[in-house]
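Hi,

Here is the structure I promised to pass on.

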Amino acid sequence: MTVAMLMKNTVVSATRAAASARCSQWSLQVLPLRPARPVPSDIVIARAQRPKHIGKLAEEIGLLPSEVSMYGSRKAKISLGVIQRLKDQPVGKYVVVAGITPTPLGEGKTTTLMGLVQALGAHKQRNVVAALRQPSQGPTFGIKGGAAGGGYAQVIPMEEFNLHLTGDIHAVAAANNLVAAQLDTRIFHEATQSDTALYNRLVPRIKGQRKFSPIQLRRLKRLGIDKTDPDQLTPEEAAAFSRLNIDVDTIMWERVVDINDRYLREITIGQSPSEKGLCRKTRFSIAVASEIMAVLALSSSLADMKCRLGEMVVAFNKDGVPVTTDDLGVTGALAVLLKDALEPNLMQSLEGTPVLVHAGPFANIAHGCNSIIADEIGLKLVGSEGFVCTEAGFGSDIGMEKFCNIKCRNSGRKPDAMVLVTTVRAIKMHGGGAPVTPGAPLNKQYTEENLELLEKGLPNLLQHISNGCSFGMPVVVSINAHVADTPAEHELLRKAALQAGAFAAVVSTHWADGGAGAVPLAEAVIEACQQDNKFKLLYEPSLPLADKMTKIAQTMYGAGQVELSQEAKDQIKRLTDAGFGSLPICMSKTSGSVTGDPDIKGAPKGFTLKVQSVYVSAGAGFVVAMCGDITKMPGLSTRPAIYDIDLNTETGQIEGLF
C-alpha cells in the first residue's frame with residue numbers, strides 16, 4: 001500500500017509539473033559553462049560537462065513519465081501521445097537555420113543552431129527546443145566527423161549522438177533491406193513457378209482453410225477483383241493477383257548500409273547457382289539515402305507512416321504500371337520494424353536545454369530535414385512564447401528550399417524566420433580563393449585579412465539572402481566567427497547583408513563562448529519572429545513537373561533555364577501519366593555550388609542546369625530530379641577518421657571522435 005501511494009504521488013507530482021510547464025516558462029536547470037582558452041577539442045568539452053538526468057529534463061519541459069522511454073540516463077524516446085495530449089496547445093515560433101554554399105569543411109550550421117538555442121534558453125530565459133537530424137555513421141567514420149555541433153555549442157553526450165543513438169537508422173536499414181529481399185525473391189519465384197503453383201503458395205490451404213491476408217485483399221481491390229474467397233478466383237484473376245511482372249530495367253530500390261563503402265556503388269546479385277541465372281546489376285546506398293528515412297521524417301503519425309510505406313514505388317511492371325511495397329506484401333512488416341523509430345529522441349545541449357533528435361534524410365537525394373513529428377512535439381511543448389529551431393542541410397538552395405517546398409508543404413507549418421549562417425572563409429572561397437581541402441592547411445588568403453577577395457565572394461551570400469526572402473521569411477545573417485577573421489571583414493559582410501535585404505546581420509562567437517556568444521543572434525531572432533508571418537511556397541502543386549524544376553532553378557540557383565535529357569523527358573511523361581505530376585520536386589544536385597557543377601563557385605547567373613534523370617519517391621511524396629553525378633554511397637578517403645577512433649578499455653571511454 002505504501003509503495004502504491006508513493007507511486008501515485010510521483011505520478012500526480014509529475015502531472016502537475018507538466019501542466020505548469022505547459023502554461024508558463026519552464027523552470028529549467030541551466031548547466032554552467034566555463035569556456036577554456038585555447039578552446040579544447042569537441043570531445044574534451046563535451047566530457048567536461050555533466051549532463052542532467054534525461055528524466056529530469058523531460059519533467060522540466062512538461063513531459064509526463066508515461067510519455068518518456070528511457071535509454072539509460074542521458075537519452076530517451078518521446079511518445080507520439082504528446083501531440084494528442086497537447087492538441088489544443090498554441091504553438092511557438094518556428095525558425096529554420098540554413099547556410100550559404102559551404103566549403104568542404106562546413107560553415108557551422110549545427111554549431112550555430114546549438115549556440116542559438118543555448119542563448120535563447122540559458123541566457124534569454126525562453127522556452128526553446130533544438131530539432132536536429134540524426135547523423136549517419138558514414139561521415140562520422142569518414143572525413144567530416146560528427147554532427148553534434150562544436151566547441152561550446154554542442155549536443156551531449158556527443159558519442160551517443162554520433163553513433164547508434166537509439167537505433168533508428170539501423171531500423172531504417174533493416175526495413176529497406178527487407179523490401180529489397182522481398183523484391184528480388186518475388187522476381188525469382190515468378191520466374192521459376194507456374195501460375196497455379198505460385199497462387200497456391202501465395203494463398204496456401206492451412207488445416208483445410210484458405211484465406212487472403214488483409215494486404216492481399218488490398219491488392220485484389222487495386223486490381224478491381226471484388227472477391228474474398230481464394231477458391232472463387234478465375235485462372236486469369238489468380239494469375240493477375242499472383243504475378244507482379246516486374247520490369248527489372250525499371251527497378252528503383254537499392255539495398256543500404258550505414259557506412260561509406262565505395263565498392264558497393266555497383267554490384268551484381270544473384271550469382272549463386274541456387275538463383276538459376278537470375279542475375280542483375282544493382283548498387284548499395286548509404287542508409288540515410290533510403291526513401292524510408294524520408295518517409296520517417298515526413299510522417300505525421302503511425303497511420304500516416306504505414307500508409308506512406310505502402311505507397312513506395314519499387315519498380316514498374318511490364319505494362320508501365322507502378323509496383324509498390326504494398327504489392328510486395330511488406331507494408332505491415334515495415335511498420336512493425338519502424339514503430340519505435342517514429343518516436344523522437346530527447347537529448348540536451350551543453351547548457352542543459354532540450355534537443356529533439358530524429359530522422360536523418362540526405363539533403364541532396366532527399367529533403368535534408370529532421371522529422372515533422374519532432375518539430376510538432378517541440379512547437380507544442382514550448383508554448384506560444386517559445387521557439388523551435390531546426391536545421392536544413394547544406395546551403396539554402398538545397399536544404400532550405402526543400403524544408404519549405406516539401407516539409408512545410410506536408411506539415412502545414414509556416415516558419416517565422418530564417419537564420420543564414422555564413423563565414424569569412426567561405427565567402428573568400430567564392431571570391432576566387434584557393435581550394436579548401438579537408439586535412440590540408442588553409443592558404444594564407446584565409447588566415448590574413450583580404451577585403452578584396454571577400455568582396456568578390458559576396459554574390460553567393462546575396463543569392464542565399466534572396467532565397468530566404470523568396471519564401472517571405474525575414475533573414476537573420478549569422479556570421480560564424482573564426483579565429484583568423486578581422487573586424488573589418490565582419491563589418492563588410494554585415495553591411496552587405498543588410499543592403500541585400502537581410503532583417504539583421506550579427507557576429508556570433510558561440511563556438512568559443514557557448515550561448516553567451518550567440519545572445520545578439522538570439523535577440524535578432526526574437527525580433528524577427530515578432531514580424532507578421534508572410535511565409536509562402538514557391539510553386540503550386542498543379543504546375544507541371546518540368547516547370548517546377550525551372551521555377552526552383554531560376555529562383556534558388558540563378559539559372560537561366562533547365563535542360564532535360566531525353567531520358568528525363570521520358571521519365572517525366574511516365575510519372576505524370578502514372579499520377580505523380582502533382583508531387584513537389586526534390587532537386588538532387590551538388591552542395592558545393594549553386595550551379596550543377598561543384599567546381600563553379602560564387603553565384604553565376606543565367607547558366608543552364610542539366611537534369612539527367614527523374615524518379616519518384618511516392619511514399620515520401622516527391623519526385624527526384626538528378627542534376628549531375630550525385631553518388632548515394634560515399635567512399636572513405638586515404639586517411640579517414642577511423643584511424644583516430646578508439647576505445648579505452650580501462651575507462652570504457654570512446655576516443656578520437658570529433
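Below is what turned up on aromatic contacts and one of the pockets.

Bear in mind that this is a predicted model, where local features need pLDDT of at least 70, side-chain atom pairs count only at pLDDT 80 or more, and totals for chains, interfaces and linings use all residues. Numbering runs from 1 along each chain as its sequence is written, and side-chain values use heavy atoms, with hydrogens and water left out.

Searching the whole structure gives four aromatic pairs (ring centres of Phe, Tyr or Trp, using its six-membered ring, within 6.5 Å; planes under 30 degrees apart are stacked, over 60 edge-to-face, the rest tilted). Phenylalanine 471 and phenylalanine 535 are stacked, because their ring centres are 6.2 Å apart and their planes at 15 degrees. Both are buried (under 20% relative accessible area, 1.4 Å probe, protein chains only). Tyr199, Phe212 and Phe241 make up one aromatic cluster.

There are charges over rings too (NZ of Lys or CZ of Arg within 6 Å of the ring centre and within 35 degrees of the ring normal). Arginine 574 has its charged end over phenylalanine 316, 4.9 Å from the ring centre, and lysine 589 lies over the face of tyrosine 557 at 4.8 Å from the ring centre.

Where does the second largest pocket lie? Domain 2 (169–338) and domain 3 (545–626) both give residues to its lining, so the pocket lies between them (domain bounds come from an automatic or database assignment).

Cheers

Definitions and conventions:
Buried < 20%, exposed > 50% of the residue type's maximum accessible area, 1.4 Å probe, protein only.
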